[in-house]
Amino acid sequence: MGETMRDSYGKYLAQLGAVRNDIVVLDADVSSSTKSIYFAKAFPDRFFNVGVAEANLADIAGGLATAGLRPVVNAFAIFLALKSTDQIRNVLAYNELPVVLVGAYGGLSDSFDGASHQSLADIAIMRAIPGLEVLVPADADEMKRALDYALDRNGPTYLRLTRNEAPNLSEKFGERSAGLDIRKIRVLRQGSDVTIAATGMCVAMAGRAAESLASQGISAEVLDVTSIKPLDIDSLAISVAKTGHLVTAEEHSVIGGLGSACAEALAERGLPFSMRRVGVADCFTESGPYDRLLAKYGISAEAIARQAASLA
Amino acid sequence: MNLEQRALTETDKVKKSKLLTALACRFRMEILEVLHAKQTGHWGGASSACELVTALYFHRMRIDPAHPEWDDRDRFILSKGHASMLLYTVLAHRGYFSPALLGTFRDIDSSLQGHPCMKKTPGVDMSTGALGHGISVGVGMALAARIHRKDYQTYVMVGEGCLDEGQSWEAIMSAAKFKPEGLTVLVDNNGVQLDGTSDEIMPISPLEDKFQAFGWNVLPKTYDGNNMDEILESFDALDRATSWPKVVVYRTVKGKGVSFMEGKNTWHGAPIDDTSFELAKPELEKAYKRALAEVR
């Protein structure tokens with residue numbers, strides 16, 4: 001087993017804390033889960049545990065940010081998106097405050113805790129807030145780059161993480177070039193028959209789907225979309241113009257997330273293309289082991305390959 | 001010297017209180033005029049807090065209108081952001097921007113938004129409007145002072161309606177935990193909300209006891225927030241109080257200064273019609289003249 005993304009995140013945040021004294025970290029009584037606890041132990045004077053109070057959490061961060069600090073806010077993704085929406089919109093985004101909002105346990109990754117804890121609308125909500133950028137890293141390397149980027153941005157950023165072990169994309173696809181902007185789509189695999197645009201944990205699945213499609217004689221192009229907002233529409237359009245088909249894959253409701261963002265953007269470009277969205281249908285999910293839960297709700301390499309084959 | 005300069009420079013406390021009173025009376029007239037002219041905006045809660053905000057900006061706060069972003073300035077958060085016209089009037093006459101702009105309140109392209117916006121209006125330390133945010137943001141600002149080893153003060157003004165919001169109590173609880181130096185909440189308890197009296201809509205009494213139970217340093221007296229002598233007395237009491245965070249509850253009158261508008265929830269945010277304006281104006285003028293006579 002490799003390291004979980006939350007562990008990589010927590011350790012990296014603590015590392016950054018040692019070199020940047022403008023970073024302050026806040027948590028809503030879940031620091032042992034989000035792993036902001038590493039920072040808390042290393043820098044207790046710059047750590048604030050506000051208890052189970054996400055609204056207060058986000059606004060205290062806003063106040064800290066007005067005075068030049070760089071707050072990193074930690075909570076479960078679903079509660080950050082639902083319980084501090086007003087604060088994120090009216091205080092952080094409206095005032096362009098440089099706060100990093102880190103949503104832990106994104107998607108179905110809090111699998112056993114059930115539907116109440118599974119975050120399937122956070123991307124849709126965050127995407128609709130002006131000025132907020134939405135990043136969903138697919139592995140630990142992307143998480144680090146996304147965090148670096150968000151900490152240097154003069155505005156709020158939502159960083160959606162997973163609870164579990166994250167794949168290591170570098171092993172299969174090589175190192176991400178250091179100069180590549182985190183907001184730009186990374187083409188992981190070239191192809192000509194169908195484009196698979198994936199985000200977060202679905203990126204590795206898309207890679208596996210492309211391999212299985214290749215064995216069926218279908219050439220799939222795999223796009224790694226870390227930044228859902230802003231969306232790198234140019235790179236997406238170049239790929240879809242070439243293949244004519246798009247499958248999006250995300251650990252989120254099919255409403256309002258990556259699939260919606262791609263459909264909106266490409267429709268306005270006037271490209272002729274057909275499309276399928278892999279994601280959770282408009283329904284409530286349930287408890288269960290992570291992989292089986294993902295599969296039951298239609299998120300797997302097989303599901304991606306199936307949808308791609310139906311188009312290509 | 002104009003009234004503003006006299007109020008800022010006067011050292012005798014009795015005279016200063018009278019100058020601030022006259023200034024507040026003048027601001028109240030100006031607020032009513034703009035709200036009537038624009039046919040939009042909130043009178044009731046602007047009027048109730050007029051003396052308090054005047055005293056903060058012309059007596060209490062360490063600020064430099066020429067440098068609104070000064071790191072060491074005292075901060076003010078108007079959590080009851082609907083009293084925006086009061087804040088704008090005070091900021092303009094304190095020198096943050098031209099009073100000529102006040103007439104553009106709520107216009108398209110104006111820097112004076114319906115509710116305060118820190119990105120558009122010099123001197124506004126935090127955008128507000130959605131209720132319940134102020135104390136939380138104030139906790140953050142005050143904690144930043146601790147981290148940066150600065151001694152600026154953070155004042156948060158809330159209405160009792162603002163305290164209906166659950167977030168206010170999350171913030172109150174967290175302030176008692178972190179005890180940020182320099183955080184003071186001023187409650188403009190005018191007792192009337194949008195829909196009716198606070199006793200009808202959401203009873204908040206005993207407010208002082210609630211703050212006390214949440215671990216705040218509550219000034220033992222409830223002050224008359226429309227009386228400048230009492231406001232200055234409350235500031236002195238704040239200076240004597242040692243532990244943080246601090247809260248002062250002020251009893252105020254919603255719609256203060258216009259007899260037929262006082263204590264009426266209908267004047268929370270209703271446009272001021274011509275007839276009401278013509279009746280209200282002489283009342284405010286009379287109060288201003290009386291206050292001016294005291295400082296001649």
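Mentor: **The two domains of chain A**

The C-alpha centres of domain 1 of chain A and domain 2 of chain A lie 25 Å apart. Domain 1 covers 5–160 and domain 2 covers 170–311 of chain A, the bounds coming from an automatic or database domain assignment. This is a predicted model, in which local features need pLDDT of at least 70, side-chain atom pairs count only at pLDDT 80 or more, and totals for chains, interfaces and linings use all residues. Residues are numbered from 1 along each chain as its sequence is written, while chains are lettered from A and ligands numbered from 1 in the order in which they are written.

Between the domains of chain A, 27 residues of domain 1 are in contact with 32 residues of domain 2; contact means that the C-beta atoms of two residues, placed from the backbone, lie within 7 Å. On the side of domain 1 that touches domain 2, at least two residues each come from helix 7 (122–127), strand 5 (133–135) and helix 8 (140–152) of chain A. Helices (H or I, at least four residues) and strands (E, at least two) are DSSP runs, numbered from the N terminus. Helix 8 of chain A provides the largest share of this side, 5 residues. By residue class, this side of domain 1 of chain A holds 14 nonpolar, 6 polar and 7 charged residues. Here Ala, Val, Leu, Ile, Met, Phe, Trp, Tyr, Cys and Pro count as nonpolar, Asp, Glu, Lys and Arg as charged, and the others, Gly among them, as polar.
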